[in-house]
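Visitor: I would like a close look at a single part of this structure. Please keep it brisk, and then show me how that part sits within the rest.

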Amino acid sequence: MTRRPTQRLCGPRTRPFPFSSFGRTTALVASTRRQSSSLKRHRNNILESPGKGYTKKALKDKNIQPESSSEEDDEETIQADFAFFDPRPDDFHGVKILLQSFLDNKQWDLSGFVDLILGQTTVGTVIKIEDAEDDTPFSVVTALNLGRYKKHRCITEIKDFLIKVSQKDVSRDLSMLLEDGAHNVGLLVSQRVVNLPPQLLPPLYDALFNEVSWATEDEPTEELRKSFRFKSYLIATKIYKHKNADQHKKTSKGLSEDPIIYIKPEDEIFQKISSWSFTFKLHTEQVAAQELRNYKLTGLVMAVEADKIPIFRRELHSLIDGP
């Protein structure tokens, strides 16, 4: 009988998806045979755009084949089809869980934020296991116009939080995006279970940015169409930062370990093409693997110009799919 891979995707100990030399070593050491898996097939049938409209289709992504723990190394096939869906009200609790640490340990209007995400069905995607009894989202991605939603308490609280944790050298640039330029800024929200198959990432982001582009033409009013003509994206995420990274940076001495491990591989690309970025201390209680004992979970905020997104998409495909 086909088994659902919920526990394998949402196991009690998740790992970052690193691409640096140390990160790959860490992942290799930390992985167990029960947790390893390979994707046998990948079909990119996500979106189609018939004329002015479009419909979101399923992306079916896997026969996962984890290695067996038996002495004979018998293979065990777990069948699971992931699908991309428009956000809907039924996703509220699942999306809220995914975003529960979005603003560190701050008490804020998270429910209102989730309502905004689920209410914007033109642009936004959740990933679930297709035809599963439990349709809990494994991932959510969207882009919210900071100017359009500026009167919502949750957006005000996000702005206040980012200003509070920002560093002096970028505070002016950040304030410009959050205030005067807010109508041109998309808050890019992307959260998922850590060990979601990385092969889903390129089509997931393709879907997001395609939808943004289509919304600039297909929304019913000029005001709504204009709200998706982003000039910049603001991204708040998390990384693992080496405890001695800043000290070695000041002394120009190298680290034997990588200064940063990116939990989400796309964040390395975003930071590389960003106009500016800064890190900040997190207060959320950290539960890290022994391999990450020299690292601290850290907040990372980045600003990426919209005209750099084609570069991001190409590099993400190259990183995940290979040249």
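Visitor: In which crossing, right-handed or left-handed, does helix 10 pass helix 11?

Guide: This is a predicted model. In it, helix 10 passes helix 11 in a right-handed crossing. Start with where the two helices are. Helix 10 covers residues 265–273, and helix 11 covers residues 309–321. Their axes come within 10 Å and cross at roughly 145 degrees.

Now look at what meets there. Helix 10 brings Pro265, Glu266, Ile269, Phe270, Lys272 and Ile273. Helix 11 answers with Ile309, Ile311, Phe312, Glu315, Leu316, Leu319 and Ile320. Sort the residues of this contact by type: 10 are nonpolar, three are charged and none is polar.

Ile263 lies in the loop between strand 10 (260–262) and helix 10. Ile263 has a relative accessible area of 16%, so it is buried, as the cut-off for that word is under 20%.

Take the contacts in the protein chain with a separation of 6 or more: residues 24 or more positions apart account for 73% of them. The chain has 323 residues, and buried ones make up 50%. Its secondary structure comes to 11 helices and 12 strands. The chain exposes about 16,700 Å², and carbon and sulfur atoms supply 47% of that area.

Next, compare another helix. Helix 6 spans residues 168–178, and its buried residues are Val170, Leu174, Leu177 and Leu178. They cover an arc of only 85 degrees around the axis, so they sit on the same side of helix 6. There is a general rule to keep in mind here. An α-helix has 3.6 residues a turn, so residues three or four places apart point the same way. The face turned away from the buried side of helix 6 carries the exposed residues Lys168 and Arg172. What covers the buried residues of helix 6? The cover includes helix 5 (153–165), strand 8 (185–192), strand 9 (232–242), strand 11 (276–281) and strand 12 (295–305).

Follow strand 8 from that list. Leu187 is found in this strand. At 1% relative accessibility, Leu187 counts as buried. Leaving out residues up to four places away in sequence, Leu187 touches Phe113, Thr142, Ala143, Leu144, Leu146, Ile158 and Leu234. Look at Leu146 in that group. Leu187 and Leu146 are 41 residues apart along the chain, yet their C-alpha atoms are separated by 6.5 Å.

Two of those neighbours turn up again at Val123. Val123 touches Thr142, Ala143, Leu208, Glu211, Val212, Ala215 and Phe228, again not counting residues up to four places away in sequence. Val123 is found in the loop between helix 4 and strand 6. Its relative accessible area is 0%, and it is buried. From Val123 to Thr142 is 19 residues in sequence and 6.2 Å in space, C-alpha to C-alpha.

Find it in the loop between strand 8 and helix 7 (201–218). Leu200 and Phe84 are 116 residues apart along the chain, and their C-alpha atoms are separated by 9.8 Å.

Most residues other than glycine have a negative phi. Asp104 is not a glycine, but it has a positive phi of about 60 degrees. Asp131 also has a positive phi of about 60 degrees, and it is not a glycine either. Asp104 lies in the loop between helix 3 (92–98) and helix 4 (110–119). Asp131 is found in the loop between strand 6 (125–129) and strand 7 (139–145). Which is buried and which is exposed? Asp104 is buried, with a relative accessible area of 6%. Asp131 counts as exposed, at 77% relative accessibility.

Now return to the opening part with all this in view. Helix 10 and helix 11 cross at roughly 145 degrees. The crossing is right-handed. Its contact holds 10 nonpolar residues.

Note on methods: Residues numbered from 1 in each chain as written. Predicted model: local features only at pLDDT ≥ 70, side-chain atom pairs only at ≥ 80, totals over all residues. Heavy atoms only, no water. Helix = DSSP H or I, 4+ residues; strand = E, 2+ residues; numbered from the N terminus. Buried < 20%, exposed > 50% of the residue type's maximum accessible area, 1.4 Å probe, protein only. Contact = heavy atoms within 4.5 Å. Areas by Shrake-Rupley, 256 points an atom, 1.4 Å probe, with all protein chains shown as cover. Arc of directions from axis to C-beta. Axes fitted to C-alpha atoms, helices over the stretch in contact; angles between N-to-C directions. Left-handed = near helix turned anticlockwise from the far one by under 90°. Nonpolar A, V, L, I, M, F, W, Y, C, P; charged D, E, K, R; others polar.
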